[in-house]
Amino acid sequence: MLHLPALLAIIVMALVTYLTRISGYLLLAGRCLSPRMQAIMDIVPGCVLVAVIAPDFATGRPADILGLFATILAATRFSLLPTMLCGIITTGLLRAVLG
């Protein structure tokens with residue numbers, strides 16, 4: 001059963017996430033971005049993803065390091081979503097096998 005504080009925390013986190021996503025659209029609505037700024041905006045999701053997951057690889061666990069290499073390999077072949085899925089699935093399987 002879900003407790004009220006946990007439910008409220010989930011709702012607040014979802015709201016904050018939504019607000020941060022929509023604020024970029026609202027702030028940039030109707031503006032024409034230069035090609036350089038457009039290129040920067042295109043790489044921001046990847047940078048944020050790396051900033052979030054990088055501390056996990058500092059643990060030195062073999063499954064995480066091998067998952068990182070699989071993700072890097074996938075990134076050379078696929079777009080962001082398939083790369084993320086490959087990394088998540090590979091790391092999960094490796095953690096189940098290697099511990």
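Student: At roughly what angle do the axes of helix α3 and helix α4 cross, and within what distance do they come?

Tutor: The axes of α3 (residues 62-75) and α4 (residues 80-98) come within 8 Å and cross at roughly 155 degrees, where axes are lines fitted to C-alpha atoms, for helices over the stretch in contact, and angles run from 0 to 180 degrees between N-to-C directions. This is a predicted model, in which local features need pLDDT of at least 70 and side-chain atom pairs count only at pLDDT 80 or more, while totals for chains, interfaces and linings use all residues. Residues are numbered from 1 along each chain as its sequence is written, and side-chain values use heavy atoms, with hydrogens and water left out.

Student: Why are α3 and α4 called roughly antiparallel?

Tutor: Angles over 145 degrees count as roughly antiparallel (under 35 is roughly parallel, 65 to 115 roughly perpendicular, and the rest oblique); the crossing is at roughly 155 degrees, and α3 and α4 are therefore roughly antiparallel to each other.

Student: Which residues of α3 meet α4?

Tutor: With contact meaning heavy atoms within 4.5 Å, Pro62, Ala63, Asp64, Leu66, Gly67, Ala70, Thr71, Ala74 and Ala75 in α3 meet residues of α4 including Thr83, Cys86 and Gly87. By class, this contact has nine nonpolar, six polar and two charged residues, where Ala, Val, Leu, Ile, Met, Phe, Trp, Tyr, Cys and Pro count as nonpolar, Asp, Glu, Lys and Arg as charged, and the others, Gly among them, as polar.

Student: What makes up the lining of the second largest pocket, by class?

Tutor: That lining has 11 nonpolar, eight polar and three charged residues, and α4 gives the most to it, with eight residues.

Definitions and conventions
Helices (H or I, at least four residues) and strands (E, at least two) are DSSP runs, numbered from the N terminus.
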